[in-house]
Amino acid sequence: MEHLDLSPISHVAGTVALPGSKSISNRTLLLAALCRGETLVKGLLASDDTQRMLEALTALGVKWEQLGDSRDFRIHGCGGDFPVKQADLFLGNAGTAFRPLTAALALAGGEYRLSGVPRMHERPIGDLVDALRQAGALVDYLGQEGYPPLAIHPGRIAGDRVSVKGNVSSQFLTGLLMALPLTGRDMTVTVEGELISKPYIEITLNLLTRFGIAIERRGWSEFFIPGGQAYTSPGEIFVEGDASSASYFLAAGAIAAAPGQPVIVTGVGKQSIQGDVRFAEVLEQMGATIERGDNWISATRPTSGRLRAVDVDLNHIPDAAMTIAVAALFAEGTTTLRNIESWRVKETDRLSAMATELRKVGATVEEGRDYIVVTPPAALTPNAEIGTYDDHRMAMCFSLVSLGAPVRILDPGCTAKTFPTYFDELARITV
């Protein structure tokens, strides 16, 4: 479908069962592959990104099977030693597959080529490659220096300390923390500068613990990995619902919940290991009523009927922060989102894309290097055509414009990256 026309939605209500977390799904698949024995992964996300990881594992000789029509998968681990030592891997635009696989394969003693779609070849990876080279890895760039595609050759592990910049992508540190236990020696990772997206590192550390790897975190600037550890299967692991995907439905509830009828998301709650559940705290600052259970969160609109603007640092939840930028269209006053420079190296330059598309619906927007300022119009411009830049989150965010005006979403199929049934779920809670 080239476009999707969304009619104005006056109210929303109901319950949405969230798909599995992309971040947890792809981390869990790789960790299960690195174990000895079998791991049952339950509730795996159905998406382009997880499909790229599963295809890569197959190419590397890791066996897996899907259990019937469920989203449960049995992974047969390789004990940290991929059976296939020469492979060409195409990873689409899946950063959660590309970065950790780069790190793991750089220490795997084989010849590998990793490539993706053109946008992936514009997303920086030089900081990760520099860190891996410090550990003795041999990695070459096949195109522009500092960017994919990559060629990986057998190297020799050297030294016991690597450093990585923390201000571009937390996935670089995640890749190192998942790969370096494979060396079998004491290793220390130091982080240069500010570490962005810390909650995503907390996801990584939590999952590493589940798979038998202990890492000592010394603040956010140093991580010590004791030698002699081996990945151990937890036997069974359940993938939480995606907290980033929850943001769209919670925001819809905060903007337009039917009287006395909240929007409820299930699959995440007070027990979640995902930092993006803190998105709900920003909605509370904007005046929404939020309630939480162990495995659910609900949102209803403010008693005043309208959200209020906020000025917030959202470095810790960059993906969910995009939803706040669109929710700002429904808030009284001017909203400022700060410390979000990482938007520029995502599936698209999200800062530029967000500013461009918000202006189409009538907002006044100031775009800075690492911030965006949004002042809503008196009335949203109807029937704006929203470009999505092959970015799933742009499509899902801007669907919320329909809570105030008809809108056309171009290339709605890009949501397949993480949430293929998103627009069906949105229609289901429309009342």
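Two strands pair if DSSP finds at least two bridges between them. Helices (H or I, at least four residues) and strands (E, at least two) are DSSP runs, numbered from the N terminus.

The model is predicted: local features need pLDDT of at least 70, side-chain atom pairs count only at pLDDT 80 or more, and totals for chains, interfaces and linings use all residues. Residues are numbered from 1 along each chain as its sequence is written, and side-chain values use heavy atoms, with hydrogens and water left out.

**Exercise 1.** Work out the strand order of the open sheet that contains β6, and find its edges.

*Solution.* 
- Step 1. Take β6 and β7 (residues 111-115): they pair in the parallel sense over 5 bridges. Gln86 faces Glu111 of β7.
- Step 2. Extend to the 4 strands. The order is β6-β7-β9-β8, and the pairing is mixed.
- Step 3. Look at the ends. β6 (86-90) and β8 (138-141) each have a single partner strand, so one side of each lacks a neighbour in the sheet.
- Step 4. On average, neighbouring strands are turned by 15° against each other, direction ignored. Axes are lines fitted to C-alpha atoms, for helices over the stretch in contact; angles run from 0 to 180 degrees between N-to-C directions.
- Step 5. Place the helix. α4 (residues 126-134) packs on the sheet and touches β8 and β9 (150-153). Its direction makes about 150° with that of β8. Contact means heavy atoms within 4.5 Å.

**Exercise 2.** Is Gly95 buried or exposed, and which residues does Gly95 contact?

*Solution.* 
- Step 1. Locate Gly95: it lies in helix α3 (residues 95-106).
- Step 2. Apply the cut-offs: buried is under 20% relative accessible area, exposed over 50%, partly exposed in between (1.4 Å probe, protein chains only). Gly95 has 3% relative accessibility, so it counts as buried.
- Step 3. List contacts, leaving aside neighbours within four places in sequence: Pro100, Met120, Arg123 and Gln171.
- Step 4. Check the record. The unreviewed UniProt entry's "binding site" annotation includes Gly95, Arg123 and Gln171. Such annotations may be inferred rather than shown by experiment.

**Exercise 3.** Find where Tyr389 and Asp390 sit, and describe their phi values.

*Solution.* 
- Step 1. Tyr389 is in the loop between β24 (384-386) and α11 (392-398). Asp390 is in the loop between β24 and α11.
- Step 2. Tyr389 is not a glycine, yet its phi is positive, about 60°. Asp390 has a positive phi near 55°.
- Step 3. Tyr389 is partly exposed at 36% relative accessible area. Asp390 is partly exposed at 49%.
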